[in-house]
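Please read the following briefing alongside the sequence and the coordinates. It takes up a pocket, then the nonpolar cores, and then some backbone details.

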Amino acid sequence: MTTTSAGLLLYRRTPGGFEVLLGHMGGPFWSRKAAHAWSIPKGLYTDEQPLAAAEREFAEELGSPAPSGPTVPLGSVRQSGGKTVTAFAREGDFDATSIRSNTFDLEWPRGSGRMQSFPEIDRAGWFTPAEAAEKLVKAQSAFLDRLREHLAGR
């Protein structure tokens, strides 16, 4: 069975082009990583429409609902671990310094028998497409290209 995830790539226009909002993945595995350790706010879904799941996950991972507005489908990608991610883009602004992410529990250190709680997203930030391409999980860079194409056609 394929694992499916949906996310919302928020963007804002700048004098030099545009920036996108990304979240740094939380937990001990990602704490010291910067390159390819960021993601669009996204999460798993089964019985809901992908856009509804993307909006729900945005709110859960960042602590506030996504700004409303027109939504651009960006298609899907398959990540190296096998998960299929469907993304949507929406123009809007968001205070990246005020996130309040939901958490997950993990035995840490591994084998210790001690459960710890970690945020799914430990920080967020706005990045140019060039910066985002270096930070994003590799497969998700395709969403930047698709958003760039969409904006160029307007």
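Classed by residue type (Ala, Val, Leu, Ile, Met, Phe, Trp, Tyr, Cys and Pro as nonpolar; Asp, Glu, Lys and Arg as charged; the others, Gly among them, as polar), the lining of the largest pocket comprises nine nonpolar, seven polar and six charged residues. The model is predicted, so local features need pLDDT of at least 70 and side-chain atom pairs count only at pLDDT 80 or more, whereas totals for chains, interfaces and linings use all residues. Residues are numbered from 1 along each chain as its sequence is written, and side-chain values use heavy atoms, with hydrogens and water left out.

**Largest pocket**

- A pocket is an open set of points on a 1 Å grid over the protein atoms alone, where a 1.4 Å probe fits, with protein on both sides within 12 Å along at least five of seven lines; lining residues have an atom within 4 Å of a point.
- The largest pocket holds about 430 Å³ of space, the volume being that filled by probe spheres set on grid points joined across faces, edges and corners.
- Of its 22 lining residues, M25, K42, E61, K83 and E120 lie nearest the centre of the largest pocket.
- Two or more lining residues come from each of strand 4 (42-44) and helix 1 (50-62), where helices (H or I, at least four residues) and strands (E, at least two) are DSSP runs numbered from the N terminus.

**Nonpolar cores**

- A nonpolar core is a set of buried Ala, Val, Leu, Ile, Met, Phe, Trp, Tyr and Cys residues joined through side-chain atoms within 4.5 Å; buried means under 20% relative accessible area, exposed over 50%, and partly exposed in between, with a 1.4 Å probe and protein chains only.
- The largest such core has 21 residues, and L9, V20, L22, L74, F143 and L147 have the most contacts inside it.
- Strand 1 (4-14), strand 2 (17-25), strand 5 (71-78), strand 6 (84-91) and helix 3 (141-152) each supply at least two residues of this core, with helix 3 giving the most, four residues.
- A second, separate core of 17 residues includes L10, L21, F58 and F94.

**Loops and backbone**

- G113 lies in the loop between strand 7 (103-107) and strand 8 (115-119), and G113 counts as exposed because its relative accessibility is 61%.
- P109 is found in the loop between strand 7 and strand 8, and the peptide bond from W108 to P109 is cis, with omega near -5°.
- H36, in the loop between strand 2 and strand 3 (38-39), has phi near 60°, a positive value in a residue other than glycine.
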